[in-house]
Amino acid sequence: MKVRRTERLLNYFVLIIFSLIVLAPIFTIVVGAFAPADAKAAQQGSFHPENFLTAWHEGRFGQYMTTSVLVAIVVVTLTVVLSLFSGYAFGTMTFRGREVLFYTFLLGIMIPAEAVVIPLFFDLRSLGLTDTIWAVALPQVAQSVAFGTYWMRTYFKGVSPSILDAARMDGATPQRILWSILVPMGRPAITTMVVLVFMWTWNEFLIPLVMSPTGAFRTAPLGLAFFQGQYTQGTALLAAGAVLVALPVVMLYFILQRHFIKGMLEGSIKE
Amino acid sequence: MLTSLKPASDPVRQTAARRPRGRRHGATPYHFILPAFLIYAAFLLYPLGRAVHLSLFEWDGLSLATFVGLDNYVSLLSDERLKGAFGHALVFVFFFAVLPVGIGLVLAAVLTRARVRGLPMFRTIVFLPQVIAMVVVAVAWRQIYAPDGVLNRTLRWAGLDSLTRAWLGDYTFSLPAVGLIGTWVTTGLVTVLLLAGMAKIPSEQFESARLDGAGAMREFFAIIVPAVRAEVTVALTLTIVVSLKTFDLVYVTTSGGPGSSTTVPSYEVYRRAFELGEVGSAAAVGVALTVLIFVISFLVNRIGDRISS
């Protein structure tokens, strides 16, 4: 396809402008994180990497990040195991009620947390479960399992039936077929799911906000929101805290960006 | 891999395995689905039913609830603040979904026409806002919109002092200011989605159109837009749902203010249930929001189907 040189130049111009628009706010917050936190620090120069340490301690990000990691481990592990099981059944087996059950799971992808978080809070409170990791994690497992079932079913449906038949001929049990054949083969699909569920869990706000009213299980994004409430004067420490909260997922994104992009594009496209 | 598997000694299982295709798997599939279904039902389906139930009561979360029928839903139509919240949600649909799809279509078309280099890096960059926690995005933009933030400093530097204002504290400008943050977040995702769709258009289509003397505009409307209808539908559904569910962005940037000028349904759910003690009303807003999301997704997909057929 031939395109005139001026048009080509114009295209590069468009690419650069849009990249700058996306990067500018990120750049602002990163630069802000290194700025002097107060007048005293301003006298000692304009570059202050120690802001991160100060924010880490004053904003208690160590504690909040630990909570976030714990919640993420629970949500990701449970989601992966449960979705492997359900996706395996939906993708490779025929049984009564398969369609109805599957669409029931699909519905879950659209149910907003806003609708379920109120009854969940009051019911879990009467069970004495609020302010525990379960109240924060299990509703997110339910949301992620809806997606995970859909995602893993797509993978299992794509597996050649002859592989399954051969394994069955050899007398392998369904569990055995799943763990020794399908899971190793499906590593890319599983990685994508792990990456997406980790990101959603790490970034989730409403569920941990409501489910941990005393703040005992406050995750990193909540810690940042509360830090902002406390720190109205200086922006540098707040910016440093924001960078700390975003960093784990952003780093993972740069390592596994194919999985992020592929997952978010294909996960949203219906068959 | 297969040879390492031990043949089953159980003869019954062996015959079951040898049955022809279309066989029933007995109880096995249900065993595999049960654990996922239990958690899904207990923490999503059942609470949704409970929300519908709660929405028919007036309850402060502590004392005895009073049955009020559909009153909480009626007030969705009469309460100014709630009407405003749903109105703002529609404004957000424009900023989160319609505007990004418009920008994304033009941007992706421009990039598809000329196969420029550096496209993978561009994809990586424009997708970045998707992976950053919304709270972090909100904190960043709060600093940009602050009275002495980057935006106002830039305006002053350009000699446009009259335009500077406290963007998030302004009754007129706070809603579009928050909306534009949404545009910033979703445009990259939409563009990448549309780029993937446009990459599938065979280049002969462009060639023949150009031989017929079609200009960039005709090419855009006659070839590119019709070819990515499916992607546009997906992009709209996805971003509309995001815009209707926006909570953390509003919570961190404006808390619905000034006054109620940026409040949205999801924020009203939280405020009513946990700040005002109007649990029934909050549940009604949550249920209405769910219905709205279902209806809009359904409509967008129906319209998308009709246009493609």
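**Exercise 1.** Decide whether B:Phe294 is buried, partly exposed or exposed in this predicted model, and find which residues B:Phe294 contacts beyond its neighbours within four places in sequence.

*Solution.* The relative accessibility of B:Phe294 is 24%. Buried requires under 20% and exposed over 50%, so B:Phe294 counts as partly exposed. Next, locate the residue, which has its place in helix H14 of chain B, spanning residues 279–308. Once the neighbours within four places in sequence are set aside, B:Phe294 is in contact with A:Leu107, A:Met110 and A:Ile111. Finally, for a distance within chain B, take B:Thr237, which is 57 residues from B:Phe294 in sequence, while their C-alpha atoms are 10.0 Å apart in space.

**Exercise 2.** Classify B:Leu299 by its relative accessible area, and identify the nonpolar surface patch to which B:Leu299 contributes.

*Solution.* B:Leu299 lies in helix H14 of chain B, and its relative accessible area of 43% makes it partly exposed. The patch covers about 560 Å² and is made by B:Leu299 together with B:Val291, B:Val295, B:Phe298, B:Ile303 and B:Ile307.

**Exercise 3.** Determine whether B:Asn152 is buried or exposed, and list the residues that B:Asn152 touches, not counting those up to four places away in sequence.

*Solution.* B:Asn152 belongs to helix H7 of chain B, which comprises residues 150–157. Its relative accessible area is 1%, and B:Asn152 is therefore buried. With residues up to four places away in sequence left out, B:Asn152 touches B:Ala146, B:Pro147, B:Thr164, B:Arg165 and B:Trp167.

Methods
Residues are numbered from 1 along each chain as its sequence is written. Chains are lettered from A and ligands numbered from 1 in the order in which they are written. This is a predicted model: local features need pLDDT of at least 70, side-chain atom pairs count only at pLDDT 80 or more; totals for chains, interfaces and linings use all residues. Side-chain values use heavy atoms; hydrogens and water are left out. Helices (H or I, at least four residues) and strands (E, at least two) are DSSP runs, numbered from the N terminus. Buried means under 20% relative accessible area, exposed over 50%, partly exposed in between (1.4 Å probe, protein chains only). Contact means heavy atoms within 4.5 Å. Patches are made of residues with over 30% relative accessible area and no salt bridge: like charges are joined within 9 Å, nonpolar side chains (Val, Leu, Ile, Met, Phe, Trp, Tyr) within 5 Å. Accessible areas come from the Shrake-Rupley method with a 1.4 Å probe; for residues, only the protein chains shown count as cover. A salt bridge is a side-chain nitrogen of Lys or Arg within 4 Å of a carboxyl oxygen of Asp or Glu.
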